[in-house]
There are 2 protein chains.
Amino acid sequence: MSFLSFFLGEKKKSTASVAKERLQLILAHERSGHNAGTSPDYLPALQKELVAVISKYIPINPEDIKVHLERQDDLEVLEVKIELPDNQREAV
Amino acid sequence: MSFLSFFLGEKKKSTASVAKERLQLILAHERSGHNAGTSPDYLPALQKELVAVISKYIPINPEDIKVHLERQDDLEVLEVKIELPDNQREAV
């Protein structure tokens, strides 16, 4: 399964009728055996910096950012969903 | 389907025997109707900056970075796979 089909599949569910511009950032950290289960402290700070970098290229309203963190075993997935303002399309 | 199960599923395929530390960054840009199909120039530059930010937190060998870009209709998915050096685990 490609990432494209994964996102296209998700898209069909959520935006069949409303055409909105969205940006999604996913950071997946897979750790090996003896280091798994420990929590890295840098993920929240890293996430803020990543959003700051993105906002240099694309105007982002902080209210439109949704952050979600999932942990399971040795895998940690940080998901940042950003809904872009309508008037941004002409600016980029 | 959650992101976690997506990554866990992919992980099982690729790393059943070798325990390696990996970081994966995915940037998905979904554009609305009239703006779809045009190519944004900022993605390659944005990708470089995102990797630079990540490397502030985690030592990254530039040779271990694999970048993949997929486009289809109004969806663009940038995937950056980073294999972390073994000796990095103790440093973070």
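Predicted model: local features only at pLDDT ≥ 70, side-chain atom pairs only at ≥ 80, totals over all residues.

Visitor: Okay, where does A:L50 sit?
Guide: A:L50 lies in helix α2 of chain A, which covers residues 42–57.

Visitor: Is A:L50 buried or exposed?
Guide: A:L50 counts as buried, because its relative accessibility is 0%, and the cut-off for buried is under 20%.

Visitor: And what is A:L50 in contact with?
Guide: Leaving aside neighbours within four places in sequence, A:L50 is in contact with A:L25 and A:L27 from chain A, and with B:L25, B:L50, B:V53 and B:I54 from chain B.

Visitor: Which other residues in α2(A) are buried?
Guide: Besides A:L50, the buried residues of α2(A) are A:Y42, A:L43, A:L46, A:Q47, A:V51, A:V53 and A:I54.

Visitor: Why would residues a few places apart point the same way?
Guide: An α-helix has 3.6 residues a turn, so residues three or four places apart point the same way.

Visitor: What do the buried ones pack against?
Guide: In chain A they pack against the strands β1 (22–30), β2 (65–72) and β3 (75–83), and in chain B they pack against β1 (22–30) and α2 (42–57). On the other side of α2(A), A:K48 and A:K56 are exposed.

Visitor: How far does α2(A) reach?
Guide: With its 16 residues, α2(A) reaches 23 Å from its first C-alpha to its last, which is close to the 22 Å expected at 1.5 Å a residue.

Visitor: Switching to charges, how many salt bridges are there?
Guide: A search of the whole structure, over all chains, finds 10 salt bridges. One of them joins B:K56 and A:E49, whose closest N and O atoms are 2.7 Å apart, and this pair crosses between chains, from helix α2 of chain B to helix α2 of chain A.

Visitor: How exposed is B:K56, and what about A:E49?
Guide: B:K56 is exposed, with a relative accessible area of 57%, whereas A:E49 is partly exposed at 23%.

Visitor: What does B:R71 pair with?
Guide: The side chain of B:R71 meets that of B:E76 in a salt bridge, at 2.0 Å from N to O. B:R71 is partly exposed, with a relative accessible area of 46%, while B:E76 counts as buried at 0% relative accessibility.

Visitor: Which residues form a network?
Guide: Salt bridges that share partners join A:R22, A:E83 and B:E30 into one network.

Conventions
Residues numbered from 1 in each chain as written. Chains lettered and ligands numbered in written order. Heavy atoms only, no water. Helix = DSSP H or I, 4+ residues; strand = E, 2+ residues; numbered from the N terminus. Buried < 20%, exposed > 50% of the residue type's maximum accessible area, 1.4 Å probe, protein only. Contact = heavy atoms within 4.5 Å. Expected span 1.5 Å × (residues − 1). Salt bridge = Lys/Arg side-chain N within 4 Å of Asp/Glu carboxyl O.
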